[in-house]
Amino acid sequence: MELEVRHLRALCAIADAGSLHKAARQLGVSQPSLTTQLRRIERALDGELFLRERTGCRPTPFGRAVLGRARPLLADMAALVAEARAQAHGPRLRIGSTASRALPGWLRRLHRRLPGTETSLLVDVSANALLRMVAAGQLDVAFVHEVEGSPLRLPEGLQTHVLMEREPQFVSMPRDHPAARQEIVSLGDLAADRWAVDPSVDGEWDGLRRVFAGAGLDPPVLHTDYHTATSLIISGEAVAPCQPTSGPREDMAIRPLCGDPLAVRLLLATRPGAHAEVYEDLRAAYREAALRTPPYRAWLHHHASPLLEAA
């Protein structure tokens, strides 16, 4: 068997995911099929690439050496395809992002700045997945958030621009929740509530768990996606962390947390020299979304945020 690009892509997916099950899901194949493919690759290379363990799999020293050669090859291949398509179809800007209220304003500004450029958008809950896609040449830029205490795995060679060093996370709750009568709430006010959290968001559950432990709390937790969480909050079944740009809404209350125990860092990642000018449009769009939300606008004024400076 001769090695092909798809084989190298499979090896990198296994290494990044840390398990055959997760890698198979990302690649859109069955786990038995991926396991068979890995065995064929290992026979072709005459060496074991991964150690299979109870908690997943990790590269052997030989596997790390192969991966070290495979990743640049995949990046070069992706860049070749991207450049060829750009020449064939005109300029393109492929944007990846975690969910953000700044996206509509950002796209609006980009369309004005780059009127002849085809713009696409991919929204994903996994910041790490988006960063890998930028490194692989599948995206040009990625706007992501990094949960405090849970660093993202930044691929080698990417450039980052920090939009917000520390964005506070607010909390959304039922409109008739007793704590909703306050302008700022404490974790203790919500100790008896069920908290909804999406464990597929990189670092989200780990960050919330650390905050609970630091406050000496152990509230019940519902693991769900945030679309379902919204319904649970409106019906009075849960509270949940949320972005400070969320709201206002008539069917739920959104409040800052006392002391800002939950926070994220907002980053724009690009390949070296690629589309750095889009950062200013993103900053302006984020500022617009932030100032449109009274609780967050008040928070920014209270903390004398540089974001308040005119763009």
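Student: How many Å apart are the mean positions of the positive and negative charges of the protein chain?

Tutor: Lys and Arg count as positive and Asp and Glu as negative, leaving out His and the chain ends; each charge is placed at NZ of Lys, CZ of Arg, CG of Asp or CD of Glu. In this chain, the mean positions of the 37 positive and 36 negative charges are 3 Å apart. The model is a predicted one, in which local features need pLDDT of at least 70 and side-chain atom pairs count only at pLDDT 80 or more, while totals for chains, interfaces and linings use all residues. Residues are numbered from 1 along each chain as its sequence is written, and side-chain values use heavy atoms, without hydrogens and water.

Student: How many helices and strands does the protein chain have?

Tutor: Helices (H or I, at least four residues) and strands (E, at least two) are DSSP runs numbered from the N terminus. The chain has ten helices and twelve strands.

Student: What percentage of the residues of the protein chain count as buried?

Tutor: A residue is buried under 20% relative accessible area, exposed over 50% and partly exposed in between (1.4 Å probe, protein chains only). Of the 311 residues here, 45% count as buried.

Student: Which residues touch the most other members of the largest nonpolar core?

Tutor: In soluble globular proteins, nonpolar side chains tend to be buried together. A nonpolar core is a set of buried Ala, Val, Leu, Ile, Met, Phe, Trp, Tyr and Cys residues joined through side-chain atoms within 4.5 Å. In the largest core, of 29 residues, those touching the most other members are Trp106, Leu163, Met164, Leu268, Tyr286 and Tyr296. Among the elements giving two or more residues to this core are β3 (92-97), α5 (103-113) and α9 (278-291); α9 gives the most, with six residues. A second, separate core has 20 residues, including Leu34, Leu38, Val66 and Leu74.

Student: Is Cys12 buried or exposed?

Tutor: Cys12 counts as buried because its relative accessible area is 6%. This residue lies in helix α1 (residues 5-17). Contact means heavy atoms within 4.5 Å; leaving aside neighbours within four places in sequence, Cys12 is in contact with Leu67, Ala70, Arg71 and Leu74.

Student: Where is Thr245 found?

Tutor: Thr245 sits in the loop between β10 (240-242) and β11 (252-255). With 4% relative accessibility, Thr245 is buried. Leaving aside neighbours within four places in sequence, the contacts of Thr245 include Arg101, Tyr286 and Tyr296. Tyr296, with those neighbours likewise left aside, is in contact with Met164, Pro244 and Thr245, among others.
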